[in-house]
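This report describes a structural model, with attention to the packing of its helices, the pairing of its strands and the contact between its chains. Please keep the sequence and the structure in view while reading.

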Amino acid sequence: MAQNSFTKIYLTPEAETLPATQRAFRLLGYPAYRIVGDPMEIPPQDQNQNTLFITSHRGQTVYKCPGSRGHLCCNYLTIDLYLGCSLGCTYCIMKSYLNFSPLTVYADPAPSIHRIQALAQKNPHRILRVGTGETGDSLLLDPLFDLSRPLIEGLADFPNVYLELKTKTTHVDHLLDIPKKGNAIIAFSLNAKEMQEREEGTSASIEERVSAAVKASEAGYNLAFHFDPIVRFANWKESYSYTIELLKKVPAHRIRWISLGTLRFTPALRDRLEDRPYLFEEFVPCRDGKYRYLQPIRIQMYKWFLKELSMLTDTPIYLCMESVDVWKAVYGDTPMKIDALRDIFMGIPCKTRS
Amino acid sequence: MVQSMSIGDVAFMPPLFPFQESFCPLADLLKRELYPPLPLWDRDSHEGCTIVWGQRIVEKLSKLHVKEVLVRKFGPGELSLPEALILWIGLEQRKGGWSWTELRDLYQYVQEHRISLPEPLLTSLVGSEGNWHRVEQFIQLSEPLQQLVSEEKLDLKTALRVKSIPPQAIEQLKPVLESLSYSERRIFLRLFYEVVQRDRLESPQSLDLATRLLHTSKPLEELYRIRYPSLHRLQETYHETVDTFLKGTGIKVTPPPYFEGTQFRVEFSFEKGNQLQRKALTLQKLSETIDPVIEKLVYGTE
């Protein structure tokens with residue numbers, strides 16, 4: 001899995017002396033780099049995912065997931081540590097806005113840690129689910145920068161904070177020795193084996209991800225799994241059954257939650273996606289303007305997943321960005337009225353990304 | 001130096017460039033010698049002069065029985081091929097107005113002769129330097145798609161998206177494409193392309209599909225049905241049950257768009273109580289039978 005195939009490295013002046021930058025440079029063999037005051041100073045020919053841009057946060061560091069109009073959101077909080085991803089999944093939503101940007105590392109996690117700590121103190125009776133995997137893979141570059149470590153350590157004393165590190169890699173080894181893990185969760189995006197092999201670029205295989213999950217659980221981490229995007233193709237049930245079967249290797253009591261989300265995309269993203277066979281299924285526009293499988297098909301798919309996964313674990317299983325109608329059809333009710341899911345979906349006041 | 005030359009001599013000179021000229025001053029101006037002197041170029045002093053630009057002027061002056069034409073001769077080394085091309089483009093005096101096929105020919109010539117056009121000239125040709133690559137994209141299209149784009153019957157973006165449709169299939173579909181509006185044509189080609197991709201149709205199978213569509217009365221609807229079979233089945237189920245049930249009753253029931261959602265909408269109007277009673281009775285009957293249909297349409301349960 002490529003993690004250091006950068007052709008150019010740029011950093012802002014204050015990032016040069018940050019411990020994360022120093023560590024990455026040491027591991028990369030002290031590569032050549034250029035200081036820029038602003039990402040706009042990076043020449044156009046280097047504005048791509050082969051370029052690494054290291055900086056620190058300016059302004060807002062924690063956001064609430066923006067959700068999707070007409071669809072239920074789990075009110076997740078997001079921290080930008082890594083912006084962009086070079087794994088190359090063919091369906092990646094970031095292609096609609098990050099293709100012409102360098103891979104960006106916000107190498108100073110301190111402001112985010114302080115912000116989450118403050119939110120946790122202010123909302124002691126609420127569960128805060130926080131993740132670093134919205135704008136990039138949480139662990140792809142983490143062995144280099146080790147930015148998840150201070151987050152895990154800094155939030156370990158807050159029993160109401162669940163920090164989730166979401167990945168399609170196996171990069172967990174550098175996190176195993178952290179003594180105080182708190183409620184940190186190592187989460188893995190999962191898919192059908194065929195999908196991973198054909199559509200998820202240089203990501204780890206499904207088997208490798210599950211093995212990494214086992215390793216993380218043995219070190220004391222909680223786990224989560226995200227079947228997202230679930231893709232419909234010939235023999236999809238058999239193929240996803242294989243992945244679900246693999247999860248039997250994982251200690252069920254360690255799984256904190258599982259999410260399900262069928263493939264969805266905006267028209268703008270569709271224009272940027274390379275034509276792949278799965279994109280020629282039937283998609284229709286939904287209330288948020290995104291294209292999804294026909295509602296009856298989605299409902300049947302979710303019901304199937306729910307049935308299969310429920311045989312494996314009694315952990316909360318929820319839908320990502322789905323309509324009230326689909327929720328009611330699959331679960332009989334909306335998440336706020338389902339005991340096992342209420343805490344997950346209860347939000348706290350926080351700004352969304354503009 | 002500008003000089004006069006016999007029309008007969010100039011008329012026999014070959015054009016330097018293979019492009020069609022469009023600009024030619026009015027006859028009155030030509031008679032009064034109010035036109036730019038025609039650049040002639042003797043490239044290597046062996047093959048004689050070529051006309052860099054002005055063939056149309058020569059033709060028109062001949063028709064006007066004018067005996068002489070104003071020229072400016074360039075000897076070997078006095079002009080380069082890029083300079084000559086810049087001269088040609090400049091003398092055309094077009095502000096935009098270059099067709100896709102003209103730009104294609106220019107692009108290919110420039111590539112073949114490794115000529116680098118200056119930015120202001122590219123701007124005058126295609127609006128901005130960045131647009132020059134659109135000409136390259138146009139060249140990638142098959143002949144029938146190039147034709148549709150150059151005739152402004154299709155946008156370049158759609159044409160690029162569907163460029164892998166076998167050209168024979170597009171040729172076959174021409175009568176259908178001609179019968180559609182601009183936006184319908186875009187949708188039609190996009191759907192056709194998606195079916196070709198989804199079903200991995202080879203060229204002969206694509207041609208079969210085109211032929212089949214050619215012989216249907218509503219090709220766009222038929223193609224939509226082929227592209228979206230599940231959605232079409234839902235729509236058919238809906239029409240067969242609800243619409244048929246309500247036919248002639250003046251009651252309209254609208255399902256959620258694309259069967260996304262669960263809210264059905266009922267519309268009717270009435271003037272008197274007995275009319276309302278009849279509608280209510282019809283709706284009562286519908287309510288007794290509609291649940292299995294709704295289950296199927298929006299929840300996917302049989």
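## A buried helix in chain B

In helix H8 (residues 143–150) of chain B, the buried residues are Pro144(B), Leu145(B), Gln146(B), Leu148(B) and Val149(B); a residue counts as buried if 20 or more other C-beta atoms, placed from the backbone, lie within 10 Å of its own. Helices, here and below, are DSSP runs of H or I with at least four residues, and strands are runs of E with at least two, numbered from the N terminus. These buried residues of H8(B) pack against helix H5 (100–112), helix H7 (132–140), helix H9 (156–161) and helix H10 (167–179) of chain B. After H8(B) comes Glu152(B), which has a positive phi, near 60°.

The model is predicted, so that local features need pLDDT of at least 70 and side-chain atom pairs count only at pLDDT 80 or more, while totals for chains, interfaces and linings use all residues. Residues are numbered from 1 along each chain as its sequence is written, and chains are lettered from A and ligands numbered from 1 in the order in which they are written.

## Domains and strands of chain B

An automatic or database domain assignment divides chain B into domain 1 (2–92), domain 2 (95–140), domain 3 (143–227) and domain 4 (230–299). Taken over C-alpha atoms, the centres of domain 2 and domain 4 of chain B are separated by 57 Å.

Strand S1 (residues 2–6) and strand S4 (residues 68–74) of chain B pair in the antiparallel sense over five bridges, where pairing requires that DSSP find at least two bridges between the strands. Within this pair, Ser4(B) has Leu70(B) of S4(B) as its bridge partner. Strand S2 (residues 38–41) of chain B runs parallel to S4(B) and is joined to S4(B) by four bridges, with Leu40(B) partnered by Lys73(B).

## Contact between the chains

In all, 15 residues of chain B are in contact with 14 residues of chain A, contact meaning that the C-beta atoms of two residues, placed from the backbone, lie within 7 Å. Helix H11 (182–198), helix H14 (229–246) and H15 of chain B each supply at least two residues of the side that touches chain A.

Gln295(A), Pro296(A) and Ile299(A), in H9(A), meet Leu297(B), Val298(B) and Tyr299(B), in H15(B).

How values were computed: A residue is buried if 20 or more other C-beta atoms lie within 10 Å of its own, exposed if 12 or fewer, and partly exposed in between; C-beta atoms are placed from the backbone.
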